Amino acid sequence: MDAKFRPGSFGMRRLEVMETKDAESVHLRSLQLLEKMGIKVVSDEGRRLLKEAGAEVDEKTHVCRIPGALVEESMKRCKRRFTMAARNPKYDFILDGAHCYACTDGVGLSTIDLETGERRPSVLRDVADSAKIVDYLPMMHMYNPLVTPLDVPKHAHTVHEYLAATENCEKHYTTGSTYQREEAVYEIKMAEAIVGGEKELRRRPIISSLTCTTSPMVLGMTTDAAIEFSRAGCPPLLMAMPLIGATAPMTVAGAVVLGNAQVIALATVLQLAAPGSPLCYSSEPMAMDVQSGLFEGLFPAADMVRAAHVQMSRYYGIPIFIGGWGTCSKAPDVQAGYEKAFSAFIAYLSGADMTSGPGLLENWTVLSHEQLVLDHEMFTMMADMLKGFRVDDATVPMDVIMEVGHEGHYMGKKHTLDHFREMWQPMVTDGRTYKEWKAGGGKNAVDHARDKAKEILRTHVPGPIAEDLRKELRGIVAEAEGAIPHK
């Protein structure tokens, strides 16, 4: 992989919001919930798997009481390290606990039009355009449709999204709103067509699935889709979404335990369905604004839950994908900047493998192409810091320092030239003097990002798909429209 593409290993000390004993306590309390209270499992297949493995299943209420030993054995089966493959292998990346990646997320229903600046319903073109921008941005590593297109059949929108995305982006793809087993079947079929068959997809999973649990203590209809992805060797991302004070207790610790119990319960189901299959822990909590009663994804309590869930993923030794980049701002403005920077940096400092949400506003519901470019700029700065630095003879040139002396400078020195390109370089950040800036039109950061987004859409050409493959994929989409149930 291109060294410029992959952020370096975490060099900074990780932020830990819990003591080691607290992580153990979260685990034990989660097991207690699953054993005594149980979890409601909507999936018939999920309940069957649990019952055959020794869980107590009530077929009337669908509540499954899962033995702690079964959960712990299942967590041991999870892969500790695996590759998120891409349509173009040069964009493959490895989840190994030592690198951080930026990913999109979404399923929002609105888009801020790049030309008019006005909000409008999202359409399939927005999926294609945002995928093309992600394809261009060097440190955006994975594409998940930021919006749900409202101009395609609702029951089959996920296969339309996959086609639009794969035609415009060569990077790893995550489906964020696959709820039905039939949707998963056709998305897997498309992925197999792209890579060359079932065995090749298992070797190089170019698609993954974001699978949400439901608080409090429900594994919903998405479980069947997650089982399909697991059996195909494509990693589901198991997301807990506790609303602190509503669908979870009004404390950080309570929300951490509840969310963790849901994640490890779903992991247990998937490991029973496909032992040793890859999966990711995932978390996207929201905290209550006690003044309005609304829920926000960026408030400190929500960030604490995310950071704690990162620690729990490390406790189990599995990768984690978490929501970050949160903002409740309605526009790409100063508020969006500080809220996104804080929530994302906390996530990465905690040690998250992947954090999602670039390009989205108003709690991940509104797409802004400008914000997507700005968030990428922020992530490049974060990644530059997260890699840390070495202290050795190469980085501390004692001979050069002594040669320069007390009043010299380092410009033109070989050591400076050797290390010049290691310095962070901006894409849209304006570092000119006031006079130069004014002469250039006095544009702010959002203006520069808008210009860059338009330039990308006008000039960038993603790696093409062969015409015969394109026809095959469109045929699968057409078949899916007729086969996926209208629910």
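Analyst: First, a rule: two strands pair if DSSP finds at least two bridges between them. The model is a predicted one. Strand β15 (residues 280-283) and β18 have three bridges in the parallel sense. Three meets the cut-off of at least two, so β15 and β18 count as paired.

User: Which residue of β18 is the bridge partner of S283?

Analyst: I322 is the bridge partner of S283. I322 also stands opposite T355 in β19.

User: How do you know that β18 and β19 pair?

Analyst: By the rule of at least two bridges. β18 and strand β19 (residues 354-356) are joined over three bridges, in the parallel sense.

User: Which residues point each way from β18, and are they buried or exposed?

Analyst: I320 and I322 point one way from β18 (residues 320-323). F321 and G323 point the other way. All are buried.

User: What makes D353 buried?

Analyst: Buried means under 20% relative accessible area. D353 has 1%, so the label holds. D353 is found in the loop between α11 (334-350) and β19. Beyond four places in sequence, D353 touches L95, D96, G97, H99, C100, Y101, R314, P319 and I320.

User: Why is T166 called buried?

Analyst: The relative accessible area of T166 is 5%, and the cut-off is under 20%, so T166 is buried. T166 lies in helix α5 (residues 157-168). Leaving aside neighbours within four places in sequence, T166 is in contact with R87, I194, I465 and L473.

User: What is the order of the strands in the open sheet?

Analyst: The order is β8-β7-β21-β20, and the pairing is mixed. β8 (119-121) and β20 (360-361) stand at the edges, each with a single partner strand, so one side of each has no neighbour in the sheet.

User: How do you know that β7 and β8 pair?

Analyst: Three bridges join β7 (residues 110-112) to β8, and the two run antiparallel. The rule asks for at least two bridges, so the pairing stands.

User: How does the span of α16 compare with the expected one?

Analyst: Helix α16 (residues 445-459) has 15 residues and reaches 21 Å from first C-alpha to last. That is close to the 21 Å expected at 1.5 Å a residue.

User: Which residues of α16 are buried?

Analyst: V446, H448, A449, K452, A453 and I456 are. They cover an arc of only 155° around the axis, which puts them on the same side of α16. Their cover includes α4 (124-136) and α12 (369-386).

User: What reaches the backbone nitrogen of V446 at the start of α16?

Analyst: A side-chain oxygen of N444 comes to within 3.1 Å of that nitrogen. The cut-off for a polar contact is within 3.5 Å.

User: What puts the buried residues of α3 on the same side?

Analyst: In helix α3 (residues 68-77), the buried residues are G68, L70, V71, S74 and M75. Their arc around the axis is only 160°, which puts them on the same side of α3. The face turned away from that side carries the exposed residues A69 and K76. What covers the buried residues includes α1 (20-37), α9 (252-273) and α10 (300-316).

Methods: Residues are numbered from 1 along each chain as its sequence is written. This is a predicted model: local features need pLDDT of at least 70, side-chain atom pairs count only at pLDDT 80 or more; totals for chains, interfaces and linings use all residues. Side-chain values use heavy atoms; hydrogens and water are left out. Helices (H or I, at least four residues) and strands (E, at least two) are DSSP runs, numbered from the N terminus. The expected span of a helix is 1.5 Å times one less than its number of residues. Buried means under 20% relative accessible area, exposed over 50%, partly exposed in between (1.4 Å probe, protein chains only). The arc is that of the directions from the helix axis to the C-beta atoms. Contact means heavy atoms within 4.5 Å. A polar contact is a pair of N or O atoms within 3.5 Å; within protein, one must be able to donate a hydrogen and the other to accept it, and residues adjacent in sequence count only if both atoms are side-chain atoms.
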